[in-house]
Amino acid sequence: MDNKKIKQMDDELIIEVEGTPDQLVHHDSIEVTKAKKSFKWYFFILKSVVLFVAFSILYSYTVPYVQESSVSYLKTEKGEANTDSVKMAKQNKELEKQLKKLESKLETKTPKGPYLTVSTVMNEFSLYKNKKIYRHGRCSTGSYILLEAGDNQKWMFKTPKGEFHIHGKTSNPVWRKPDWAFVEEGLPVPSANHYTRYEYGVLGDYALSLGQGYLLHGTLYKRFLGLPVTHGCIRLNDEDLEVIYKNLDYGSKVYIY
Amino acid sequence: MKTFFLRMRYVFIIGACLGFFGYNAFLIQDSVHEKLVELNQIPDSNDYKNPMFMIDPEANPKGLKMLKQKAFVESQLLLSGADSIGLAINLDDSLVGLQIKGVTIFSSKISEFEVSRVLDVISVPTYYKLFSKPLSIAEQRGTIVKEPIIVKKAPKDTIEAAQAEIIPDSLIRPSATLEFMVDGGILLCITHPEEADQNRFKKLIRQTWHFLTFAVQFKKPDYQPTIKLVIPNDDIIVIYRALPYDAHFALKL
C-alpha cells in the first residue's frame with residue numbers, strides 16, 4: 001500500500017493510485033454496477049422467456065383457427081354438376097329408388113322375433129319384441145378377474161362380446177361346478193363326476209345356454225345385480241329371467257356388448 | 001446507437017416473434033390446402049364424370065342429402081358383414097351407436113359435435129368414396145383401460161379364499177376420453193361434457209408443444225381433419241369397451 005493513498009469520502013472508498021491522479025477506481029461502484037448489469041441480463045432473459053411462452057401459447061391457440069379459417073379460401077374440385085332442373089329431378093328420383101332398396105336391405109338385418117341385448121359395462125339388459133324394448137332391467141356380467149393358480153392354470157371371468165344364439169333352455173337347472181369354482185374357494189379339485197360338483201337351486205328356476213358354457217340364469221345373490229361379479233355367465237333376477245325364458249326360443253339372438 | 005438498440009430490444013424481439021409465427025402461419029395454411037388436395041385425390045377421374053356424383057351442393061341440397069344417406073347405408077351394410085361390433089355415427093341425426101351384423105344394439109345422443117371445415121368442402125365424389133365404406137380405426141387411444149382386468153392369485157385354503165374375496169359395492173365409471181385415428185388421416189375424438197374443463201391446462205401444454213416442434217423446424221404442421229363428439233361419459237365407456245382393437249365405423253356427416 002506504499003504507492004496508494006486511501007481516502008474516505010462520502011461513505012465511498014476511493015483508492016488513489018500514485019502516478020495516475022485522475023484515475024479514480026471506485027471499488028464498490030464497480031461491484032454494484034456489475035451486479036446491476038448481470039441482474040439486467042437475467043431480467044432480460046426472463047422477460048424474453050416469458051414473452052416467448054406467451055407467444056407460443058397464443059400461437060398454439062391461433063393455429064387451429066388459422067387452419068379452419070384458411071378453408072374458406074380454398075377452392076374445391078366440384079367436378080361437373082347437373083344444374084338443369086329436369087336432370088336434377090331425374091337424378092334425385094334415381095337416388096331415392098336406390099336408397100329405399102338399400103334401407104330395406106339394412107332393415108332386414110334386425111331380427112323380427114324377440115332378441116336380447118346385454119351391456120357388460122352398465123350391467124343391464126333389454127329384451128326386444130317387434131323391434132321395440134319390451135323389458136329392461138339390471139343383470140350381472142363377468143367380473144374381469146383373472147384367476148391364477150399353480151401349473152400355469154389361468155381362468156378369465158369375463159362375458160364374451162358379440163352375437164350369440166340360444167342353444168338350449170332348461171328349467172330347474174343344476175350347476176355342475178367346473179374346476180375354477182373349487183380353485184377359487186381354496187378347495188381341492190374333485191374328480192370329473194364327483195357328487196360335490198353338483199349344486200341344486202343356485203342357478204334359479206331357468207337357464208338359457210349361449211354355448212361354450214355361458215348361461216343366462218338366476219341368482220341367489222340379488223344384491224349384486226347391476227354389478228360385474230360373475231364368472232362370465234349373465235345373472236338375472238327371477239322375474240326378468242322368467243320373461244326372457246318365455247320369450248326367447250332356440251335360435252333367438254343375444255347381443256352382448 | 002448502442003443505447004438505441006438496447007432501448008429497442010423488446011421491439012426487435014416482438015418483431016422477430018411475429019415474423020417467426022407469421023411465417024409459420026403460411027405453412028399452416030399450406031398444410032390445410034395439401035390435405036384437401038390429398039383427400040380430393042381419393043376418387044379417380046372417372047368418378048368425377050359419374051352422373052350419380054354430378055350434384056351441385058348448392059343447387060341440389062336434397063340430392064346431396066340422399067347421396068350422403070346412401071353412402072351411410074352402404075357403409076353400414078358392409079359393416080354388417082363383419083362378426084365384430086362396429087360403430088355408426090350419424091351426425092345428421094346426432095346419434096352414435098354400436099352395431100353388430102346390421103343390428104343397432106346401443107345408441108347414444110350426441111349433445112355437441114365439431115367437424116373440421118375441410119370435410120365440408122371435399123368434393124362430392126370424395127365424400128362418397130370416403131364414407132360409402134366403413135372407415136377402419138388404425139389407432140385407439142383412451143384415458144381408461146379397455147379391459148379392467150383384476151389379477152387374483154388362487155387361495156391356498158378356504159380361510160384365505162374368504163379373506164381374498166373381491167366384491168365391488170358400486171360400478172366404477174372413470175372419466176373417459178377417446179381418440180381414434182381413422183382412414184384419410186381423420187381424427188375422431190369422443191369426449192364427455194365435463195372433460196373440457198378438467199384437462200384444459202394439460203391440453204394447452206400438449207397443443208403448444210405439438211405446434212412448437214413443427215414451428216422451430218419451420219416445418220408444415222400436420223393437419224388432421226377432426227371430428228369431435230360430446231356424449232355422456234358412461235356411453236363413452238360402453239363404446240370403448242365394446243369395440244374390438246381393429247374396429248370399423250360408418251360415418252355420415
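Predicted model: local features only at pLDDT ≥ 70, side-chain atom pairs only at ≥ 80, totals over all residues.
## Strands across the chains

Two strands pair if DSSP finds at least two bridges between them, and the strands themselves (E, at least two residues), like the helices (H or I, at least four residues), are DSSP runs numbered from the N terminus. With that in hand, look at Leu146(A), which stands opposite Val151(B) in E6(B). Ile145(A) likewise stands opposite Ile150(B) in E6(B). Strand E7 of chain A, residues 145-148, is joined to E6(B) by four bridges, and the two run parallel.

Residues are numbered from 1 along each chain as its sequence is written, chains are lettered from A and ligands numbered from 1 in the order in which they are written, and side-chain values use heavy atoms, with hydrogens and water left out.

## The interface as a whole

How many residues of chain B are in contact with chain A? There are 85, and they meet 76 residues of chain A, where contact means heavy atoms within 4.5 Å. Chain B and chain A bury about 7300 Å² between them, 69% of it on carbon and sulfur atoms; buried area is the accessible area (1.4 Å probe) that two parts lose on being put together, summed over both. In chain B, Met54(B), Met66(B) and Lys152(B) lose the most area to chain A, together 8% of what that side buries.

Four salt bridges link chain B and chain A, each a side-chain nitrogen of Lys or Arg within 4 Å of a carboxyl oxygen of Asp or Glu. Glu148(A) forms a salt bridge with Lys153(B), and their closest N and O atoms are 2.8 Å apart. Several elements of chain B each supply at least two residues to the side touching chain A, including helix H3 (61-79), strand E6 (150-153) and helix H7 (200-216). H2(B) gives the most to that side, with 16 residues.

## A five-stranded sheet in chain A

Chain A also holds an open sheet of five strands in the order E6-E5-E4-E16-E9, again with mixed pairing. Strands E6 (132-138) and E9 (162-165) of chain A are at the edges and have a single partner strand each, so one side of each is left without a neighbour in the sheet. Neighbouring strands in this sheet are turned by 20° against each other on average, direction ignored.

Within the sheet, five bridges join strand E4 (residues 115-119) of chain A to strand E5 (residues 124-129) of chain A, and these run antiparallel. Tyr115(A) stands opposite Tyr128(A) in E5(A). Helix H4 (residues 238-247) of chain A packs on the sheet, touching E4, E5 and E6 of chain A, and its direction makes about 145° with that of E6(A).

Methods
Axes fitted to C-alpha atoms, helices over the stretch in contact; angles between N-to-C directions.
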